[in-house]
Amino acid sequence: MKTMAQQYTPIETAKELLKDIDFFVDDNTLEPCRGGGAFYDNIHKGTKDWCEIDHQRDFFEAHYDFKFTKVITMPPYWDSTNKKNIFYKFINKCFDVCSDEVWLLISLTGLNSLTPTRLKKSISF
């Protein structure tokens, strides 16, 4: 069930973004925040997997013995259960599980959530 904090990617938007990505039969693609399936359902080459917290497949709890060749998603920016920003943490995990290409459709709300204070808390130098 979609909550007020969730923003699902419109299917037409996903299809437009997917036009810019070259998928190959040996690709292994992850959609870590599947939502309504706008990206996942329109990837037709290679193998694919997904996570979706509403279906008890939490991306933060998922562990893989390999790296995906592609990750594509519209990342969430807010954890409504714990009342905190997870945008930067989510993006970092996307890069951690991928060997080649990470494609992110970032909403204006997600981008605006990256305040200097939050970034300083998230980034360790």
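What share of the contacts in the protein chain with a separation of 6 or more comes from residues 24 or more positions apart? In this predicted model, such residues account for 63% of those contacts. The chain that makes them has four helices and six strands, and from the N terminus on its elements follow the order α-β-β-β-β-β-α-β-α-α.

A search of the whole structure finds six aromatic pairs, and one of them joins Phe-59 and Phe-60 in a tilted arrangement, with 6.2 Å from centre to centre and 40 degrees between the planes. Phe-59 counts as buried because its relative accessibility is 3%, which is under the 20% cut-off, whereas Phe-60, with a relative accessible area of 27%, is partly exposed. Tyr-64 and Phe-68 form an aromatic pair that is edge-to-face, with the centres 4.8 Å apart and the planes at 80 degrees. Here Tyr-64 is partly exposed at a relative accessible area of 23%, and Phe-68 counts as buried at 0% relative accessibility.

Lys-89 lies over the face of Phe-60, at 4.5 Å from the ring centre, and the charged end of Lys-93 sits over the ring of Phe-59, 5.2 Å from its centre.

Methods
Residues are numbered from 1 along each chain as its sequence is written. This is a predicted model: local features need pLDDT of at least 70, side-chain atom pairs count only at pLDDT 80 or more; totals for chains, interfaces and linings use all residues. Side-chain values use heavy atoms; hydrogens and water are left out. Helices (H or I, at least four residues) and strands (E, at least two) are DSSP runs, numbered from the N terminus. Contact means heavy atoms within 4.5 Å. Rings of Phe, Tyr and Trp (its six-membered ring) pair if their centres lie within 6.5 Å; planes under 30 degrees apart count as stacked, over 60 as edge-to-face and the rest as tilted. Buried means under 20% relative accessible area, exposed over 50%, partly exposed in between (1.4 Å probe, protein chains only). A charge sits over a ring if NZ of Lys or CZ of Arg is within 6 Å of the ring centre and within 35 degrees of the ring normal.
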